[in-house]
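Subject: Structure handover

Hi,

Here is the structure I promised you. Please open it alongside this note. My findings follow below.

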Amino acid sequence: MTSAAESKEALRRAMRRQRAEVPVEQRRLASETLTNASRSLLLGLSAPIVSGYVPIRAEIDPGALMASMERYGARLALPRVEGDRLAFRLQLPGTPLVPGAYGIGEPAAGSPVVVPDLMLVPLLAFDRRGGRLGYGAGYYDRAITTMQPRLTVGLAFACQEVAAVPMETHDRRLDLILTEQGLIDCRRGAAHSRSMRILFLGDICGRPGRTIVTQQVPLLRQRWKLDAVIANGENAAAGFGITEAILHEFLECGIDAVTLGNHSWDQREALVFIDRQPRLVRPANYPAGTPGRGATLIETASGARVLVVNLLGRLFMEAFDDSVRAVERELEACPLGQVADAIVVDMHCEATSEKQVMGHMLDGRVSLVVGTHTHTPSADARILSGGTAFQTDTGMCGDYAGVIGFDRREPVRRYIERTPGGRWESASGPGTLCGIAIETDDRTGLAVSAARVCIGPELENCGPAW
Ligand SMILES: [Fe+2]
Ligand SMILES: [Fe+2]
């Protein structure tokens with residue numbers, strides 16, 4: 001069980017107790033008070049289908065609210081457990097409910113199946129960002145994902161509020177929460193800003209790269225008020241892979257997530273420790289069964305969530321699984337605006353064209369597509385027409401006096417003499433940090449600014465105007 005799943009289970013136990021302690025009279029009054037919101041919930045929806053639920057145990061009763069909405073023109077539907085999913089069926093006036101799964105009353109199997117415009121959702125706990133703790137079976141999360149209702153409204157007693165519900169990638173946030181104390185708007189930008197400043201750093205190469213990155217990241221976090229820092233770490237251990245000790249150095253200096261690439265497993269220990277390091281991401285299009293994960297969801301200090309996806313290109317690289325299918329799978333599990341407040345895709349590959357194709361393919365659906373692997377920054381950091389920030393390659397963090405971060409003597413000799421010789425050693429001069437800094441839009445999670453970042457002795461220095 002993941003740590004989020006464990007904390008959800010503990011919270012479930014606590015909230016069941018707390019909810020059950022609401023006195024019966026207060027419970028009845030609370031349910032009636034919900035009707036005050038029926039008109040405002042229906043604003044802008046013409047003859048909507050509203051799905052409710054039949055309350056069980058200590059759930060707040062939506063009956064009065066549903067009846068009131070029906071008077072304002074809504075058609076009512078109720079959920080029916082069908083296999084591992086909820087089907088919503090119209091609840092026709094005068095038709096009795098039939099006992100269904102879990103002994104809960106459900107519409108008869110013959111009632112028409114509908115897709116609700118407005119979904120009333122029961123819950124155990126909620127937070128002000130729409131985080132919902134359900135009962136653990138995932139019925140409502142799946143229903144929201146597949147049906148995409150125009151409005152999701154969690155119903156709860158005010159005492160069911162917590163500071164933050166632990167969320168997993170499949171959990172869906174609600175648009176509104178309605179309690180006996182009123183309506184809470186949890187949608188993007190309603191309660192507080194979800195605009196974010198994100199810094200992505202290219203391949204950290206050997207000691208020169210590690211030194212400049214661990215020096216600069218704490219300063220840049222402060223100076224630019226960064227919400228998240230992500231870095232590619234595939235060359236961190238003397239140019240070849242990453243060790244767990246180096247990963248700890250990165251996490252301690254303020255990097256939130258580390259991506260990899262074709263050098264993921266150069267340090268064999270990574271095949272083992274990646275499974276206990278949720279913030280280390282290897283390419284998502286490795287074959288099924290590869291250790292680790294192809295995406296991770298990080299939470300910023302303000303509670304916003306950033307999905308980080310790593311992909312490997314297939315042109316002029318070893319053959320891997322389809323990067324298109326892999327990224328679609330990750331985005332479907334964690335769409336922008338529903339689960340993630342920002343999405344960063346590290347497209348690790350050789351070919352310029354392949355990186356640009358990925359940028360255009362994901363344009364408008366992710367915050368940033370950034371290329372890594374060539375260790376040389378391209379001058380094309382910009383925002384594409386659909387709102388996704390893009391840079392073909394963000395360059396490395398390392399010693400640019402060498403050849404792609406390695407001491408230049410052996411590569412130059414080998415190029416001239418065409419014979420095998422010594423090892424490629426990491427360059428040892430001062431490092432230059434390269435990356436891209438973006439700011440995301442509060443409402444959409446797409447980019448509103450994108451700027452190349454370069455700090456160090458070898459290249460022209462640049463950065464965002466923050
Ligand atoms: Fe690299
Ligand atoms: Fe690479």
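Start with Ile-404, which sits in the loop between strand 22 and helix 11. Helices (H or I, at least four residues) and strands (E, at least two) are DSSP runs, numbered from the N terminus. Ile-404 is buried, with 20 C-beta neighbours inside 10 Å. Buried means that 20 or more other C-beta atoms lie within 10 Å of the residue's own; exposed means 12 or fewer, and partly exposed is in between, with C-beta atoms placed from the backbone. From Ile-404 to Ser-31 the C-alpha separation is 66 Å, and the two are 373 residues apart along the chain.

Some ground rules. This is a predicted model, in which local features need pLDDT of at least 70 and side-chain atom pairs count only at pLDDT 80 or more, while totals for chains, interfaces and linings use all residues. Residues are numbered from 1 along each chain as its sequence is written, and chains are lettered from A and ligands numbered from 1 in the order in which they are written.

Domains

The protein chain is assigned domain 1 (3-185) and domain 2 (197-455). Such bounds come from an automatic or database domain assignment. Taken over C-alpha atoms, the domain centres are 40 Å apart. Six residues of domain 1 contact six residues of domain 2. Contact means that the C-beta atoms, placed from the backbone, lie within 7 Å.

Helix 5

Which residues of helix 5 are buried? In this helix (residues 139-147) they are Tyr-140, Ala-143 and Ile-144. They line one face of the helix, because seen down its axis they fall within an arc of 95 degrees. The arc is that of the directions from the helix axis to the C-beta atoms. These buried residues pack against strand 3 (85-90), strand 7 (118-122) and strand 10 (151-155). Gln-148 follows helix 5 and has a positive phi, near 45 degrees.

One open sheet has six strands in the order 17-18-19-20-22-21, with mixed pairing. Two strands pair if DSSP finds at least two bridges between them. Strand 17 (295-299) and strand 21 (382-383) are the edges, each pairing on one side only. Strand 21 runs antiparallel to strand 22 (residues 389-391), and two bridges join them. Arg-382 stands opposite Phe-390 in strand 22.

Two helices lie across this set of strands. Helix 10 (residues 352-362) lies across strand 19, strand 20 (368-372) and strand 22, at about 170 degrees to strand 20. Axes are lines fitted to C-alpha atoms, for helices over the stretch in contact, and angles run from 0 to 180 degrees between N-to-C directions.

Ala-295 is in strand 17. Ala-295 is buried, with 27 C-beta neighbours inside 10 Å. Beyond its neighbours within four places in sequence, Ala-295 contacts residues including Val-281, Leu-307 and Glu-330.

Positive phi

Most residues other than glycine have a negative phi. His-373 is not a glycine, yet its phi is positive, about 110 degrees. His-373 lies in the loop between strand 20 and strand 21. It is buried, with 27 other C-beta atoms within 10 Å. Arg-418, also not a glycine, has a positive phi of about 60 degrees. Arg-418 lies in the loop between helix 11 (409-417) and strand 23 (433-440). Is Arg-418 buried or exposed? Exposed, with 7 other C-beta atoms within 10 Å.

Best wishes
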